[in-house]
Amino acid sequence: MPCCVPQGSILGPLLFLVYVNDISTSCAGNILSLAADGTTLYASNSDLGILYDIAKTEINKVYLCFCANKLSINAKKTKYIVIRPKY
């Protein structure tokens, strides 16, 4: 059974907050930032392999939380960026 809120409804923003409110508890530390139109996950490590593992683990946690709340992650809108100092 699909669950949805009509786009542009008065209850939309409130229900969004109810659904995503517990996502921040699923991730370690302060690496998650919630905004009105998206979620940003931050991770840092000097070793690229460890950084990949951290990001993968945290994304899986967010995914499980989304699934529990019957939300979805739009893979077409999901992006990542690796920033490193110039040597």
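Modeller: Welcome! In this predicted model, the buried residues of H2 are Leu51, Glu58, Val62, Cys65 and Phe66.

Colleague: What makes these buried residues of H2 line one face of the helix?

Modeller: Looking down the axis of H2, you find its buried residues within an arc of 100 degrees, so they line one face. On the other side of H2, the exposed residues are Tyr52, Leu64 and Ala68.

Colleague: How do you know that the span of H2 is close to the expected one?

Modeller: H2 has 21 residues, and 1.5 Å a residue gives an expected 30 Å. From its first C-alpha to its last, H2 reaches 30 Å.

Colleague: Why is Glu58 called buried?

Modeller: Buried means under 20% relative accessible area. Glu58 has 7% relative accessibility, so the term buried applies to Glu58.

Colleague: And what makes Lys61 and Glu58 a salt bridge?

Modeller: A salt bridge needs a side-chain nitrogen of Lys or Arg within 4 Å of a carboxyl oxygen of Asp or Glu. The closest N and O atoms of Lys61 and Glu58 are 3.3 Å apart, so the pair counts as a salt bridge. The structure holds one salt bridge.

Colleague: Where do these two partners, Lys61 and Glu58, sit in the helix?

Modeller: Lys61 and Glu58 are three residues apart in helix H2 (residues 48–68), about one helical turn from each other. An α-helix has 3.6 residues a turn, so residues three or four places apart point the same way.

Colleague: One last stop, away from H2. Which residues form a nonpolar patch on the surface?

Modeller: That patch is formed by Leu11, Leu14 and Val18, with about 300 Å² of accessible area together. Leu11 is in the segment before helix H1 (12–20).

Colleague: Why is Leu11 called exposed?

Modeller: Exposed means over 50% relative accessible area. Leu11 has 52%, so Leu11 counts as exposed.

Key: Residues numbered from 1 in each chain as written. Predicted model: local features only at pLDDT ≥ 70, side-chain atom pairs only at ≥ 80, totals over all residues. Heavy atoms only, no water. Helix = DSSP H or I, 4+ residues; strand = E, 2+ residues; numbered from the N terminus. Buried < 20%, exposed > 50% of the residue type's maximum accessible area, 1.4 Å probe, protein only. Patch = residues over 30% accessible without salt bridge, like charges linked within 9 Å, V, L, I, M, F, W, Y side chains within 5 Å. Areas by Shrake-Rupley, 256 points an atom, 1.4 Å probe, with all protein chains shown as cover. Expected span 1.5 Å × (residues − 1). Arc of directions from axis to C-beta.
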